[in-house]
Amino acid sequence: MATAAITADRTNYLNQEYGIKSWLLTTDHKRIALLYLLSITFFFFIGGFFALLIRLELLTPAGDLVQSDTYNKLFTMHGQVMVFFFLIPSIPAVLGNFLVPLMIGARDLAFPRINLLSWYLYIIAGVMMLHCILTGGVDTGWTFYTPFSTAFSNTKVIEAGLAIFVAGFSSILTGLNFVVTIHRMRAPGMTWSRLPLFIWAHYATSIIQLLGTPVLAVTLVLVVLERALHLGIFDPTRGGDPLLFQHLFWFYSHPAVYIMILPSMGVVSEIVPCFCRKRIFGYKFVAMSSIGIAVFGFLVWAHHMFVAGISLYSALIFSILSYMVAVPSAIKVFNWTATMYKGSISFATPMLYAFGFIGLFTMGGLTGLFLAALGIDVHVTDTYFVIAHFHYIMVGGAVMGYLGGMHFWWPKISGRMYPEFWGKLAAMIVFIGFNLTFFPQFVLGYLGMPRRYWQYPPEFQVLNVLSTAGSTILAVGYILPMVYFLWSMRYGKIAEENPWGASGLEWMTSSPPPTFNFDHTPEVTWEAYNYENIPAPEEVAVER
Amino acid sequence: MSDSPIAVEEHNPALRHHFADMEQQRQASSLGMWVFLATEVMFFGGMFCAYLIYRYWYYNEFAAGSRSLDIWLGTINTAVLICSSLTVALGVRAAQMGKRKLLVILLLLTIVFGLAFLGIKGVEWYTKFQEHHIPGSSFNVDDLIKEYPQIRIDPSHQQIFFSLYFAMTGLHALHMIIGVGIFAVLTFYAWKSLYTPEYHTPIELAGLYWHFVDIIWIYLFPLLYLIDRKPLK
Amino acid sequence: MFDTFPLWPARASTTAGSVDALYIFLVALAAFMSVSIFIMIVVFATRFRRRKGVQAEQIEGSTPLELTWTVIPLGIFMVIFVWGAVIYFRERTPPRGATEVYVVAKQWMWKLQHEEGQREINELHVPVGRDVKMIMTSQDVIHSFYVPAFRMKQDVLPGRYTTAWFRATRPGTYHLFCAEYCGTMHSGMIGQVVVMEPAQYEAWLGGGAAMGSLAANGESIFQQLGCSTCHRFDTQGRGPNLAGLFGKPVQLEDGRTVVADENYIRESILSPAAKIVSGFKPIMPVFQGLVSEEQLSALVAYIKSLNQPPAGAAATPSLLPGTKPQQPKVQ
Ligand code: HEA
Ligand code: HEA
Ligand code: CUA
Ligand SMILES: [Cu+2]
């Protein structure tokens with residue numbers, strides 16, 4: 001491991017060129033990653049802002065803070081913004097964009113201009129969504145169920161639909177770029193069995209993006225056409241079938257939940273070995289389970305429709321398949337845990353987030369098993385139990401993984417260390433705030449509180465108050481990292497090439513990397529996670 | 001993957017900086033196109049799925065709707081598209097052999113066929129417009145009801161057939177328009193001698209795309225035009 | 001303690017107990033799994049925390065272990081699946097002879113009609129111990145009929161009937177929620193289910209019996225709309241004899257056979273062309289737009305009632321062999 005002397009004035013992708021134009025017209029995957037980082041952070045706070053308003057409204061049983069129509073718009077746009085404009089692009093478009101070429105030893109993604117195009121599509125979609133939000137919003141729920149969305153809602157369904165349609169293309173193009181890059185651009189010696197698990201996770205994610213998103217796109221086109229031109233494809237008064245819409249929607253949106261979780265699992269699969277100084281336990285199984293999730297994920301969509309009026313037998317089939325798709329997730333959890341056995345474990349911030357991820361994802365996943373059990377789902381579907389289930393996975397799991405990854409690779413991205421104390425503190429706050437917000441919702445759901453309720457019977461109030469209290473703590477936990485990341489860009493300790501002593505090609509170039517990533521294309525002769533041969537960093541590498 | 005170091009001495013001007021060599025660049029582009037076509041399959045797949053379900057439910061209306069389409073124009077269009085696929089295939093061959101003039105001519109021919117297809121499609125759509133078969137407020141299928149008294153036609157189910165007809169052929173036509181646009185650009189570059197036997201990937205990729213659009217039509221034609229042409233009892 | 005801080009809603013139906021049993025099992029399983037994983041993590045994290053001079057031991061992995069933690073969870077999952085499926089199967093198959101309640105949902109209210117003719121809005125009165133089958137449809141968007149105390153939920157779709165059933169076990173007043181988002185006042189589309197002792201229930205029924213039963217109501221609509229001109233109870237009519245139709249397989253013109261359930265009757269009235277009965281001409285007019293959902297419910301109830309021996313002065317359909325006369329069970 002060459003430890004080149006780092007000097008701050010070495011040219012890198014950040015100081016190569018200056019000026020707005022050099023950013024807006026860049027084709028450098030690392031710069032595009034930063035553009036994405038800015039944009040998704042923006043949308044995360046918009047979505048979070050809606051979430052806080054939702055929680056505030058639910059503080060009291062009566063609908064007193066906002067009008068019912070406003071409330072309906074709040075949760076709709078909260079869901080749409082968080083899913084389509086934050087979580088789906090989050091890890092792939094930021095960390096993936098930054099790291100996929102670095103990790104496989106390439107100089108850029110296969111199609112740099114398409115990469116930039118996909119960011120512009122995202123921005124166009126984002127502007128459409130913002131315009132939609134500012135001029136009235138939508139109130140269909142993020143699921144756009146027909147015939148409400150096509151014939152009854154009098155909000156801006158068409159605009160929101162088109163925004164998500166465009167965002168979908170952005171996502172498809174990112175996936176396409178990753179698949180081709182991973183297939184064709186690996187450095188010499190970087191065989192499939194030496195790929196970091198982060199890459200495997202992104203490969204699996206991209207498959208879903210490529211094969212699922214077009215179905216959502218065409219479904220939204222049909223919704224828009226039906227609403228605009230009164231075609232009758234989903235509207236029962238015109239002979240259409242509203243369940244067909246649900247099938248098409250979930251055919252994408254179930255796999256889409258794995259678009260959201262797989263990259264996070266990839267991040268955790270990098271962090272855990274690094275802070276245990278160990279090769280990951282069962283590399284092949286972890287890699288293959290990603291692919292397994294991607295493939296099986298396409299076969300379970302109708303588990304969202306157990307009470308929607310599908311036939312008894314299809315319900316049975318989709319239930320059993322949902323259990324099949326849970327197995328690969330279980331494999332991952334067990335392997336991460338096993339990796340810690342006989343490790344040499346340290347507790348830097350990324351590792352705390354990884355612990356958080358494993359714990360909360362496990363709880364979210366296990367409650368997914370409740371939902372897949374037909375008899376239980378009848379009672380808890382469309383209640384807060386479902387809300388809690390998916391926030392445990394998407395916020396407790398995916399967002400935790402994302403934050404862990406941001407901390408882990410921040411030195412590489414910015415060339416600076418974040419303040420470790422504040423990092424640990426924020427991780428704790430997020431963990432506590434999160435559980436306080438969403439654990440009561442499991443109980444609420446089983447007690448029967450339906451979701452998307454603007455007002456609710458007073459006996460549910462206590463639990464709702466707890467949840468609202470938790471969300472304010474959560475807000476602090478999310479604002480903190482933003483503050484200290486910004487602070488560290490200027491005042492943080494200068495990062496070395498490989499501050500964590502991690503394996504992986506991305507750590508073998510300077511921090512931040514030069515525009516073309518490597519001065520010489522690396523030649524890989526070792527297996528992934530060869531921690532045997534990497535010295536652990538000094539204990540207090542990150543403390544200031 | 002290639003073993004050659006990044007620093008390549010003799011530089012093909014078409015080689016982009018981040019590829020090691022032309023071979024890698026070519027392979028990446030063509031894989032990219034195939035992957036893109038896979039997403040396109042899913043894109044049309046959603047609609048085909050809707051089509052199949054409704055055809056099973058509302059068979060009478062689908063058959064009647066199918067009869068109301070002009071089978072001759074449909075057949076001619078199929079032939080036109082197959083010809084255009086042929087000219088594209090020949091064009092790729094011409095590019096491989098470096099025959100610039102032939103390439104330009106073949107590409108132009110492809111564009112002409114493509115436009116012919118769109119023109120004929122336009123005529124068909126216009127007829128439907130005059131017959132009030134366009135879904136919407138002026139939608140009216142009394143003519144079909146009169147024509148086929150043997151079967152009962154439910155106008156709302158009939159409208160689903162036409163909705164799908166327009167959505168599917170419309171989406172296909174959109175792909176054709178994009179294809180024609182791409183070929184127009186390629187023709188211009190071909191004329192400027194950009195393509196050589198070593199570098200003609202864009203022609204190949206556009207060809208792949210065009211064949212794909214063709215294949216979609218090969219499915220659309222029987223599904224929409226040939227549902228049930230037997231004389232009614 | 002559970003009164004002030006309950007963990008599940010009241011159990012007021014026969015399914016509630018079995019759903020809760022599975023739920024408690026799952027909670028225990030989930031708690032066991034997550035606690036064991038957490039304990040393992042904590043133990044490893046303290047036992048193997050970084051120390052000077054102690055190196056991590058590189059372990060490749062272990063196929064037997066991987067197989068263990070693939071197969072054992074899969075086995076557990078299958079237990080959950082079967083258990084859940086059994087409950088669901090019971091929830092989805094209404095017992096024979098259940099009393100029927102017709103539900104029409106619209107933005108943002110529930111309209112309910114009892115077989116006996118009572119109509120209610122946002123309120124459902126049922127006796128303890130009787131099987132009640134809900135036959136539901138919506139006038140506009142999708143709603144969902146949800147009674148947490150019964151652990152029962154079923155989406156209510158426009159343009160078709162969906163069904164659900166329950167048997168209440170404990171008198172009381174319980175929440176009725178709309179659980180599928182349906183627009184502005186989705187959260188206001190609530191009501192209550194009042195479960196009564198049978199005697200009380202009879203008294204309540206008596207209170208509103210002036211209207212006559214739903215089937216009788218359907219019969220008069222059947223006359224008004226002129227259905228009876230074609231559908232006669234002999235073989236002379238231009239349309240099929242509807243007596244004894246319900247629940248029987250019907251041979252169609254195109255060779256298929258369908259069972260005449262509520263949705264079939266509904267479709268036969270609203271868009272008769274979709275399924276033509278073998279041996280008849282497609283001459284029946286389309287009634288889409290001419291009958292309201294309530295009238296439709298009454299017609300369906302009437303046609304179903306034709307399976308029973310004549311009650312009073314109704315038409316004289318012959319009771320077909322094999323049809324069980326319907327008798328509400330009161331316990
Ligand atoms: C990232 C997002 C994500 C992920 C990964 C998952 C993962 C899973 N989900 Fe979830 N889900 C959502 C997001 C997600 N879900 C969303 C957003 C909704 C609601 C959408 C809406 O209606 O708005 C939803 C709704 C939803 C429903 C429909 C509920 C309803 O509306 O009625 C169901 C039903 O089956 C379900 C099941 C599952 C299952 C079985 C998994 C499995 O993949 C989980 C597998 C993981 C584990 C099982 C944990 C680890 C395993 C172990 C530690 C093994 C040990 C265990 C044992 C031996 C028991 N989910
Ligand atoms: C990635 C996905 C994601 C994420 C991250 C979140 C994050 C959060 N969500 Fe969720 N949520 C969904 C996806 C997500 N959500 C979806 C898909 C639905 C379903 C929608 C539907 O039914 O259609 C939903 C629905 C949903 C509901 C149910 C609404 C209802 O059914 O009536 C609730 C209620 O508590 C909720 C709460 C929260 C909270 C408290 C957070 C917190 O984690 C948020 C924390 C973040 C912050 C608190 C931001 C901090 C920022 C500030 C404080 C700055 C203020 C901003 C400005 C001044 C601009 N969400
Ligand atoms: Cu009706 Cu929600
Ligand atoms: Cu799902």
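1. Buried area is the accessible area, found with a 1.4 Å probe, that two parts lose on being put together, summed over both. Between chain B and chain C the buried area is about 570 Å², and carbon and sulfur atoms give 46% of that value. On the chain B side, B:Tyr56, B:Arg152 and B:Asp154 lose the most area to chain C, together 71% of what that side buries.

2. The model is predicted: local features need pLDDT of at least 70, and side-chain atom pairs count only at pLDDT 80 or more, whereas totals for chains, interfaces and linings use all residues. Residues are numbered from 1 along each chain as its sequence is written, and side-chain values use heavy atoms, with hydrogens and water left out.

3. The contact (heavy atoms within 4.5 Å) takes 6 residues from chain B and 9 residues from chain C. The count of salt bridges (a side-chain nitrogen of Lys or Arg within 4 Å of a carboxyl oxygen of Asp or Glu) between chain B and chain C is 0.

4. Ligand 1 is surrounded by 35 residues (each with a heavy atom within 4 Å of the ligand), and the closest are A:Tyr258, A:Asp377, A:Thr381, A:His389 and A:Arg451. The site is shared between chains because residues from chains A and C surround ligand 1.

5. A polar side-chain atom of A:Thr381 lies 2.5 Å from an oxygen atom of ligand 1. For A:His389, a polar side-chain atom is 3.0 Å from a nitrogen atom of ligand 1. An N or O atom in the side chain of A:Trp142 lies 2.8 Å from an oxygen atom of ligand 1.

Terms used
Chains lettered and ligands numbered in written order. Polar contact = N/O pair within 3.5 Å; in protein donor to acceptor, adjacent residues only side chain to side chain.
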